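Subject: Model for your review

Hello,

Here is the structure I said I would pass on. My notes on what was found in it follow below.

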Amino acid sequence: MRPLAGFRQALRVSERKLLLAIGDVAMLTLGLLIVLAVRLRLPFEAATLARQASWFVLLTMSWTVAAMLTEAYDLRGAARPGLGVPRAAAAVLIADAIYLAIPYLTPHLLISRLTLVLFLGATLALVILWRMAYAAVLIQPSFRHPVVILGAGPSGREILDAIRRHGATEYLPLGLVDDDPTLTGQDVDGLSVLGRSHDLPAILRETGASEVIVALPSGAHAGGELSRALLDCHEQGVAVTMMHRLFETLTGQVPIEHAGRNLAVVLPIDQPIPVVFDMVKRALDVLFATGGLMLAAVVAPFAAMGGWIEDRGPLLFRQRRVGRGGREFDMLKFRTMVPDAEPNGPQWAEVGDPRVTRVGRVLRRLHLDELPQAWNILKGEMSLIGPRPERPEFVAALQAVIPFYRTRLSVRPGVTGWAQVNVEYGDSVDDALSKLRYDLYYIKHRSPTLELSILVRTLGHVLRARGR
C-alpha cells in the first residue's frame, strides 16, 4: 500500500529535533510549575512564567548541557524507547542536579526533602511520558518523509544506506529513478527503479513523494531534459535536495567520495567564517590552556613518579605533528608508552596496544595524557577544538590515497574534535577516511553551537572514561 498521495506534512530531521526539544522543555517547565504551585504556593499560571522568567531560562540551559552530555537528541535513539528513554532520564537527572546547584538565581527547592523529591519526580515523569509518546507516534509511516532518489549508482546507494542507518524513522524511500533503461523495473539494494528522469513528475504524483534526492554520479550535470523534470517537480511543490546536503544532515559527515571536483561539497565556500568567531575562539583557547597547564602541574608529579617506578622513562613525550597550513610542530603529551616504542619506524596505535604502560593506560583512559598540549595551544600551534594533528609520515601517505585530505590542514588542529566524539581511534587508511569525513563536516559547519556540542560531548567521554 503506497503512502497517501499529496501528503506533505512529514517532519524533516531538523523539525523532529526541534519538536523533541520543545516537548522536553515544555515538560520540564510544567514540572517546575507544579512544584512551585504545590510547595511554594506560587500561582500555576503564565504570570509565574513572566515574573520568574530567569528560573525557567536557567532550567532550559541546564537541560541543554545535560542533553548534549547524554546525546538525548540522537533521533535513532529517541525513536527506540529502550534507548531514548534512559538517555532522556539521565539528562533530566543531570539537568536537575545542575539546576539545584545554582544558588540565588533559581527557586529554593532544597527547603525540604519532599520538595526535592517532587521536583525530581515531576520533571523525570513528564519527560519520560513525552519521550514515550514521541517514540510511539512519530515513528509511524504517516509521519515519515516520503522520498524518491534520483540516481541508482554509487551516490544513490550511499544515500539510501545513510537513510536506512541514520534516518529510517524520518525518511521513507519509495524508489529510485535512473536514466539507464536496463535498470527500470529492477531492484537496487532492495529498492525498485521506478523509471527514468523524464518520468519524474508522473512518478511523484503516483507515489506521493514530497522530495527528490539528487544523487547523480560525481561530475555529472543535469542536462536539459533532467533540468526540466526537476523544475516540474519544484513547481509541484516537491523539494529538490542534493545528496551531499542530506548526507551531512543525517550523518554529520561530508561524503567526499561523491564530491568529484566540486569543492563546494567539501569547503565552506558560501559560508565564510566571521573574523569575530576566530577571535573569540582564540581567546577561549588561551583561557582553557591556562587552566589546562594548571591541571597538568597537579598531575605531573604523579605521572612522573608512576613512570619512574615502572620503567625509568621520561615524563613528557614529544612527537612531530602537522599543523595548520602544513607547518610541523612538536606536540607534547604525558608519556604513556614504553621508551623506544617504535623501533621499526612510525606505526598506528592499536586497541589494547601492548606498548602502553600501566600508568599510561590510566592516563589515557582519563584523557589526562593530553594535558601538556595546553602549551601547544598557548603557542598557537593547536586549538582546543579541531581535527586531531597527524604525523608527517601518515599525512604524506594519506594525501596520496584520500581525496581532499589536505583540506583538514586549513584550520588549527585540536585536542578534541568532531571526529573524536563520533568515532573511535583509527588505525588504518579506512579509519582515516571515516575521520576525514567528520573533520570536513566540522571545517564546513564551524559555529559556536557545534563547538559547544563538541566540548560538552568530550566532557561526557572524559566522565565515562572512554579514552584508550
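Leaving aside residues up to four places away in sequence, T115 touches V35, R39 and L109, a contact being heavy atoms within 4.5 Å. T115 sits in helix α6, residues 113-137, and is buried, with a relative accessible area of 0%. Buried stands for under 20% relative accessible area, exposed for over 50% and partly exposed for anything in between, with a 1.4 Å probe and protein chains only.

On provenance: this is a predicted model, in which local features need pLDDT of at least 70 and side-chain atom pairs count only at pLDDT 80 or more, while totals for chains, interfaces and linings use all residues. Residues are numbered from 1 along each chain as its sequence is written, and side-chain values use heavy atoms, with hydrogens and water left out.

Overall figures

The protein has 16 helices and 10 strands; these are DSSP runs numbered from the N terminus, helices being H or I with at least four residues and strands E with at least two. Of its 468 residues, 46% are buried. Among contacts with a separation of 6 or more, 74% are between residues 24 or more positions apart. The accessible surface is about 22,800 Å², and carbon and sulfur atoms hold 63% of that. Areas come from the Shrake-Rupley method with a 1.4 Å probe, and for residues only the protein chains shown count as cover.

The six-stranded sheet

An open sheet with mixed pairing runs in the order β3-β4-β2-β1-β5-β6; two strands pair if DSSP finds at least two bridges between them. β3 (187-188) and β6 (239-242) are the edge strands, each with a single partner, so one side of each has no neighbour in the sheet. Strands β1 (residues 145-150) and β2 (residues 171-177) run parallel and are joined by six bridges. P146 has L172 in β2 as its bridge partner. Helix α9 (residues 224-235) lies across β1, β5 (211-214) and β6, at about 150 degrees to β5. Axes are lines fitted to C-alpha atoms, for helices over the stretch in contact, and angles run from 0 to 180 degrees between N-to-C directions.

The hairpin

Strand β7 (residues 316-322) is antiparallel to β8, with seven bridges joining them. F317 is paired by a bridge with K333 of β8. Five residues lie between the two strands, and G325 in this hairpin has a positive phi near 70 degrees. In β8 (residues 328-334), five of the seven residues are buried, so the strand is largely enclosed by the rest of the structure.

Two helix pairs

Helices α11 (residues 275-311) and α12 (residues 358-365) have axes that come within 8 Å and cross at roughly 150 degrees. The two are therefore roughly antiparallel; the classes are under 35 degrees for roughly parallel, over 145 for roughly antiparallel, 65 to 115 for roughly perpendicular, and oblique for the rest. V299, A303, G306, G307 and E310 of α11 meet R358, V359 and L363 of α12.

Helix α15 (residues 429-445) packs against helix α16 (residues 448-463) at about 140 degrees, the axes being 9 Å apart. That makes this pair oblique. Y441, Y442 and H445 of α15 make the contact with L450, E451 and I454 of α16.

Regards
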